[in-house]
Amino acid sequence: MTALSAESGQVPQELWSAVEQYLTSRILEDDPVLRTALEASDEAGLPAIQVSPVEGRFLNLVARLLHARSVLEIGTLGGYSAICMARALPPDGKLITLEKEPGYAEVARRNVERAGLATVVEIRVAAASEALARMVADSEGPFDLAFIDADKHSTPHYFDMALRLARPGSVIVVDNVVREGSLIQAEEDDADAQGMRSFLERVAREPRVDATVLQTVGSKGYDGFAFVLVTS
Ligand code: DHB
Ligand code: MG
């Protein structure tokens, strides 16, 4: 690989990807279950927008730090992040993940089954806003951890609902907050960026949470995630 650096003025995507590959090979053991899940998702034509292996490990570690017994995920895709988080749960734990696309949910169901997590993971095939409204009405939860990674313009609403399904001490992680800097650069008509701005305004006004946003680079480009602790 030719030398790349931020100073060179080149977009260092190649470097970010190479470093991520290095880190993945050094600190993550080979994971046939996740590898097979990715292959199945790819074969089924799902978009390759799942969290990276190092991000998946991060979600797994957060769930373990929290001694989580219940996890809510909004946006299943092929079930990659669900598997990462569900592995942190005890056998009687529960991860509920919401997916609007029946085809994605079917791929995820098979991936979860192959991972041996079919009794822990429940995939609900529904529009997230409807599923969440039902969960609130049914007094489901509280969830120890929520991961929001679905349609970006709905993030403020998903955050509100995740907060209603949380308790003091719960953590809410929100993916794709920064999106190549579109968070501050995109025009008013960019609904996704607008969604993330509204979400952060909502967080800033919300006295029941403390939050940070960490910027990230890697195989998926330049992005960032919000980490929200529910305090009261
Ligand atoms: C997209 C969605 C994601 O959740 C992500 O992590 C990256 C990209 C997308 O819709 O393009
Ligand atoms: Mg994402």
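Here is a short chat about this predicted model.

Reader: Hi! Let's begin with the metal. Which residues are the protein donors of the magnesium ion (ligand 2)?

Author: Asp149 (OD), Asp175 (OD) and Asn176 (OD1) are the protein donors, and they lie 2.0 to 2.1 Å from the magnesium ion (ligand 2). Keep in mind that this is a predicted model.

Reader: Thanks! What spacing do those donors follow along the chain?

Author: The donors of the magnesium ion follow D-x25-D-N. Asp149 sits in the loop between β4 (145–148) and α7 (155–164), while Asn176 sits in the loop between β5 (171–174) and α8 (182–185), so this pair ties together parts that are 27 residues apart in sequence.

Reader: And are Asp149 and Asn176 buried or exposed?

Author: Both Asp149 and Asn176 are buried. For Asn176 the relative accessible area is 8%, which puts it under the 20% cut-off for buried.

Reader: While we're on Asn176, what is its phi?

Author: Phi of Asn176 is near 60°, a positive value in a residue other than glycine. Arg179 also has a positive phi, about 45°, although it is not a glycine. Arg179 is placed in the loop between β5 and α8, and Asn176 lies in that loop too.

Reader: How accessible is Arg179?

Author: Arg179 has 36% relative accessibility and so counts as partly exposed.

Reader: Good. Now the sheet: what is the strand order?

Author: It is an open sheet of seven strands in the order β3-β2-β1-β4-β5-β7-β6, with mixed pairing. The edge strands are β3 (121–125) and β6 (209–218), each pairing on one side only. From one strand to the next, the twist averages 15°.

Reader: Which way do β6 and β7 run, and how many bridges join them?

Author: β6 and β7 (residues 221–230) run antiparallel, with 10 bridges joining them. The two strands form a hairpin that has two residues between them.

Reader: What about β5 and β7?

Author: Those two pair in the antiparallel sense over four bridges. Val173 stands opposite Phe227 in β7.

Reader: Why is β7 described as largely enclosed?

Author: Seven of the 10 residues of β7 are buried, so the strand is largely enclosed by the rest of the structure. Helix α7 is also largely enclosed, because seven of its 10 residues are buried. Among the buried residues of α7 are Tyr158, Phe159 and Met161.

Reader: Switching to charges, how many salt bridges are there?

Author: The count comes to 15 salt bridges. One of them joins the side chains of Glu106 and Arg110, at 3.3 Å from N to O. Glu106 and Arg110 both lie in helix α5 (residues 102–114), four residues apart, about one turn of the helix. Glu106 counts as partly exposed at 31% relative accessibility, and Arg110 does at 38%.

Reader: What does Arg167 form a salt bridge with?

Author: Its partner is Asp144, and the closest N and O atoms are 2.7 Å apart. Arg167 lies in the loop between α7 and β5 and Asp144 in the loop between α6 and β4, so the pair ties together parts that are 23 residues apart in sequence. Asp144 is buried, with a relative accessible area of 9%, whereas Arg167 counts as partly exposed at 29%.

Reader: And Glu206 with Arg202: are they buried or exposed?

Author: Both are buried, and their side chains meet in a salt bridge of 3.1 Å, N to O. Elsewhere, salt bridges that share partners join Lys94, Glu122, Arg124 and Glu140 into one network.

Reader: Nice. Where is the cis peptide bond?

Author: The cis bond joins Gly141 and Pro142, and its omega is about 0°. Pro142 is in the loop between α6 and β4.

Reader: Last one! Which residues form the nonpolar patch on the surface?

Author: Val19, Tyr22, Leu23 and Ile27 form that patch, with about 370 Å² of accessible area together. Tyr22 is placed in helix α1 (residues 13–27), and at 47% relative accessibility Tyr22 counts as partly exposed.

Reader: Great, thanks for the tour!

Conventions: Residues are numbered from 1 along each chain as its sequence is written. Chains are lettered from A and ligands numbered from 1 in the order in which they are written. This is a predicted model: local features need pLDDT of at least 70, side-chain atom pairs count only at pLDDT 80 or more; totals for chains, interfaces and linings use all residues. Side-chain values use heavy atoms; hydrogens and water are left out. Patches are made of residues with over 30% relative accessible area and no salt bridge: like charges are joined within 9 Å, nonpolar side chains (Val, Leu, Ile, Met, Phe, Trp, Tyr) within 5 Å. Accessible areas come from the Shrake-Rupley method with a 1.4 Å probe; for residues, only the protein chains shown count as cover. A salt bridge is a side-chain nitrogen of Lys or Arg within 4 Å of a carboxyl oxygen of Asp or Glu. Buried means under 20% relative accessible area, exposed over 50%, partly exposed in between (1.4 Å probe, protein chains only). Donors are N, O and S atoms within 2.8 Å of the metal (3.2 Å for Na, K and Ca); water is not among the atoms, so sites may look incomplete. Two strands pair if DSSP finds at least two bridges between them. Axes are lines fitted to C-alpha atoms, for helices over the stretch in contact, and angles run from 0 to 180 degrees between N-to-C directions.
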